[in-house]
Amino acid sequence: GMKRVFEINVWPQNFEQMKNSDHVTIKTLVSKPIAWIEGGSRSIGINQSLVLNGSLSYDPDQSKDKRDATLSYSWSCYSNVSNNCSFLNESVIEFPKSNIVKFRPGTIKAKQILSIELQVTKVNASASSHKVDITILEENVPLIAIKLPDNILGKPINQNDFITLEAQVSSRNPDALVYLWTSDLLGEPDFYTGVRRKVVRSIPWRMKGLAKEFVTFSVQVTDEGVTGKASITLELNELPKEGRLIVEPQSGTSPVTKHFMKAIGWKIRSFHCVIGLHITSILRGS
């Protein structure tokens, strides 16, 4: 973080020698890094290669070309069969870079789910993490990665946002792929536009007023009769609540009386939201 000092100088027109001034100091805090594993949770066959890419993780305090220069990465794993992932040794995985993990084909047992977490840290800031679940199957399936716009990676989405989702699939015959998108909000196809396409957009009004903290988008892709699955979970912003506006005094003479307004008690789940006071003047006759 750093400190910035803002100063204001005020004087009557043409009388600068009568100048008076005031200043305020603003401290800029260090932002948490954003951890992100590209592609979301997905299913793979036992003989298929899997690459988990955390290179989209970034430092919000840095410019785009230097956004990962201050970061360090660590990976952890949990299996629903063996609890830990002690079998993930050098014969199973390799690290092309510290933010990328590559699983060698045929080295992991089928019929298990691996929960893999990436933790990203930087100096003088708390760490952040992102987790995906990898379902290991006996048969090969279409390998799917769900792509999101860069501007929402690791951030909560608003209830009135359009969310564009793209299913990236490697196939010898991409025109023959069949897509089916769903969501845990309603589980209905009309939650999306273009539900049977590679790229879909969510319909914002479906999310308004939801008392949910997270929303999961899922896609199934069928290629030559074999179906693969992928999903991605995003945090959902909520509306501020439980607050009130206090005005003192509540009556007076214009323009003599000075009214002071204070917003107190407003609560919000997500620390990503900025809460501000916007005042609209309403004139009513009496």
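**Exercise 1. Determine whether Asp59 and Lys122 are buried or exposed, and how their side chains meet.**

Solution. Asp59 and Lys122 are both buried, where buried means under 20% relative accessible area, exposed over 50%, and partly exposed in between (1.4 Å probe, protein chains only). The structure is a predicted model, in which local features need pLDDT of at least 70, side-chain atom pairs count only at pLDDT 80 or more, and totals for chains, interfaces and linings use all residues. Residues are numbered from 1 along each chain as its sequence is written, and side-chain values use heavy atoms, with hydrogens and water left out.

Next, consider the contact. The two side chains meet in a salt bridge at 2.7 Å, N to O; the term denotes a side-chain nitrogen of Lys or Arg within 4 Å of a carboxyl oxygen of Asp or Glu. Asp59 lies in the loop between β4 (50-53) and β5 (72-79), and Lys122 in the loop between β9 (112-121) and β10 (128-137), so the pair ties together parts that are 63 residues apart in sequence. Strands are DSSP runs (E, at least two residues), numbered from the N terminus.

**Exercise 2. State which residue forms a salt bridge with Lys122 at 2.9 Å, and which network results.**

Solution. The residue is Asp61, whose closest N and O atoms with Lys122 are 2.9 Å apart. This pair also links distant parts of the chain, 61 residues apart, with Asp61 in the loop between β4 and β5. Asp61 is partly exposed, at a relative accessible area of 39%, whereas Lys122 has 10% relative accessibility and therefore counts as buried.

Now turn to another pair. Glu224 forms a salt bridge with Arg172, their closest N and O atoms being 3.9 Å apart. Both Glu224 and Arg172 are exposed. Finally, salt bridges that share partners join Asp59, Asp61 and Lys122 into one network. The structure holds five salt bridges.

How values were computed
Helix = DSSP H or I, 4+ residues; strand = E, 2+ residues; numbered from the N terminus.
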